[in-house]
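Reader: I'd like to learn how to read this model one feature at a time. Could you walk me through it?

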Amino acid sequence: MKSVETKYLEAREGLLQGLSRLSRRDFLKVAGAAAGAALAQGLVPPHSFQPVRVANAATGGGDESFRFAYISDSHLYTRDLNDRFVRGLMRAVDDVNRLDPQPDFVLFGGDLAQLGQPQELELGAQILKDLKAPLHVMVGEHDWYFDLGEKWRSLFGADNYSFEHKGVRFVTLNSVVEADFWSAHGLTPMQRMKTVAGLDNGAQSSFTVGEANRAWLAKELEGVKSDTPLVVFSHSPLYKLYKKWNFWTDDAEEVQKILARFDTVTVIHGHTHQLLTNRIGNISFHGMLSTAWPWPYAPQGLPELTIQMGRPDPFNPNDGCGDGQVVVHTDGMGDKVYDLWNRNPVTVSRTYMKSRGQEDRPPAPKLVSF
Ligand SMILES: [Fe+2]
Ligand SMILES: [Fe+2]
């Protein structure tokens with residue numbers, strides 16, 4: 001007997017095969033037909049509608065202001081090298097498109113590509129175009145270090161930008177700036193990219209937001225009142241967790257200083273591919289799931305507020321992956337929903353964050369740790 005997972009992936013196969021050959025118009029036709037066929041066969045993946053209910057149950061509802069969805073770290077290779085990651089991103093787009101009501105917007109958290117290749121980024125942009133809700137894209141190191149952002153910027157625009165939404169100020173920040181380790185060694189663009197992609201090779205510098213981006217951030221926030229809720233999107237966590245894997249931002253304290261005058265700050269980051277929660281001063285930090293693979297947890301230990309996900313099943317390539325949502329309440333704080341594909345969703349509520357873990361602790365995941 002085939003698993004739900006296998007059936008679902010088979011239903012997507014025709015669409016995947018045709019992806020590179022289709023025009024945008026044909027792509028939409030095929031995508032719509034494939035989604036309809038999957039629905040008709042009852043092949044909707046598990047959890048597709050659950051996060052909405054879970055979020056409401058966890059918070060009692062009532063004072064919810066709005067929600068946005070997130071997808072992150074798809075690490076696309078070109079299709080001839082690896083189509084599993086392509087399927088992962090398409091599955092996340094399907095998940096988000098099925099949310100009812102639709103989120104106000106979708107954040108893509110960086111590492112769209114694996115090796116920063118123009119074809120990888122174009123493939124990702126094409127898949128993300130299928131989202132019904134408006135999209136905001138953040139840059140990750142895998143998108144950047146082949147051509148230092150040239151292709152990424154041509155597809156998605158500026159790497160630092162901010163916008164206001166329903167009284168909340170959102171800021172998207174490039175936090176993966178590395179000191180030049182390549183010029184002195186005469187590295188080719190691909191050698192530079194592969195060095196950055198190997199997180200634990202010790203041959204690169206640590207991530208920073210960097211002086212120029214910090215100056216941009218300070219200026220961008222100059223006129224924003226301190227009681228305005230602030231949500232910052234960064235690819236690396238804006239604190240120091242584990243340097244050897246670049247789960248780390250070297251000038252984190254300086255960035256935190258810029259954010260310190262605000263009453264309510266939430267940082268949503270990619271890069272770590274796991275459930276990860278921290279609170280430093282006025283700032284709540286939440287990691288995002290990847291659609292490609294889950295990283296193991298850093299060996300040096302975790303922030304105490306982190307609800308650990310179990311070690312994913314090594315025989316199931318989608319276990320530990322997923323997407324999710326953030327429910328932003330009228331007080332400006334968010335409930336972070338991790339929609340794990342093969343497990344129950346986990347909601348890390350604002351009550352839990354505000355009480356620093358004293359109240360509303362999410363239940364520990366019940367499934368076995370592999
Ligand atoms: Fe990543
Ligand atoms: Fe990354």
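Reader: Let's start with accessibility: is D73 buried or exposed?

Author: The general idea is a set of cut-offs on relative accessible area: buried is under 20%, exposed is over 50%, and partly exposed is in between, using a 1.4 Å probe and protein chains only. D73 has 0% relative accessibility, so it counts as buried. H75, at 1%, counts as buried too. Before we go on, this is a predicted model: local features need pLDDT of at least 70, side-chain atom pairs count only at pLDDT 80 or more, and totals for chains, interfaces and linings use all residues. As for bookkeeping, residues are numbered from 1 along each chain as its sequence is written, chains are lettered from A and ligands numbered from 1 in the order in which they are written, and side-chain values use heavy atoms, with hydrogens and water left out.

Reader: Which residues are the protein donors of the iron ion (ligand 1)?

Author: Donors are N, O and S atoms within 2.8 Å of the metal (3.2 Å for Na, K and Ca), and water is not among the atoms, so sites may look incomplete. Here the iron ion (ligand 1) has D73 (OD), H75 (NE2), D111 (OD) and H273 (NE2), at 2.0 to 2.3 Å. Along the sequence, their spacing reads D-x1-H-x35-D-x161-H.

Reader: And what is the geometry of the site of the iron ion (ligand 1)?

Author: Four donors are called tetrahedral if all angles lie between 85 and 135 degrees; four count as square planar and six as octahedral if opposite donors are over 155 degrees apart and all others between 65 and 115; anything else is irregular. The four donor atoms of the iron ion (ligand 1) make angles of 86 to 173°, and the site is irregular.

Reader: What coordinates the iron ion (ligand 2)?

Author: Its donors are D111 (OD), E141 (OE), E141 (OE), H235 (NE2) and H271 (ND1), at 2.2 to 2.5 Å. The donor spacing for the iron ion (ligand 2) is D-x29-E-x93-H-x35-H. D111 bridges the iron ion (ligand 2) and the iron ion (ligand 1), which are 3.4 Å apart. E141 counts as buried because its relative accessibility is 0%, and H271 is buried at 1%.

Reader: At what angle do helix α4 and helix α5 cross?

Author: Axes are lines fitted to C-alpha atoms, for helices over the stretch in contact, and angles run from 0 to 180 degrees between N-to-C directions. Under 35 degrees counts as roughly parallel, over 145 as roughly antiparallel, 65 to 115 as roughly perpendicular and the rest as oblique. The axes of α4 (residues 84-98) and α5 (residues 118-128) come within 10 Å and cross at roughly 25°, so these two helices are roughly parallel to each other. Contact means heavy atoms within 4.5 Å; V86, L89, M90 and V93 of α4 meet L123, G124, I127 and L128 of α5.

Reader: What about helix α9 and helix α10?

Author: α9 (residues 210-221) and α10 (residues 252-259) pack at about 10°, with their axes 10 Å apart. That makes α9 and α10 roughly parallel as well. R214, L217, A218 and L221 of α9 make the contact with E254, V255, I258 and L259 of α10.

Reader: Which peptide bond is cis?

Author: Check the one from D100 to P101, with omega near 5°. P101 is in the loop between α4 and β2 (106-108).

Note on methods:
Helix = DSSP H or I, 4+ residues; strand = E, 2+ residues; numbered from the N terminus.
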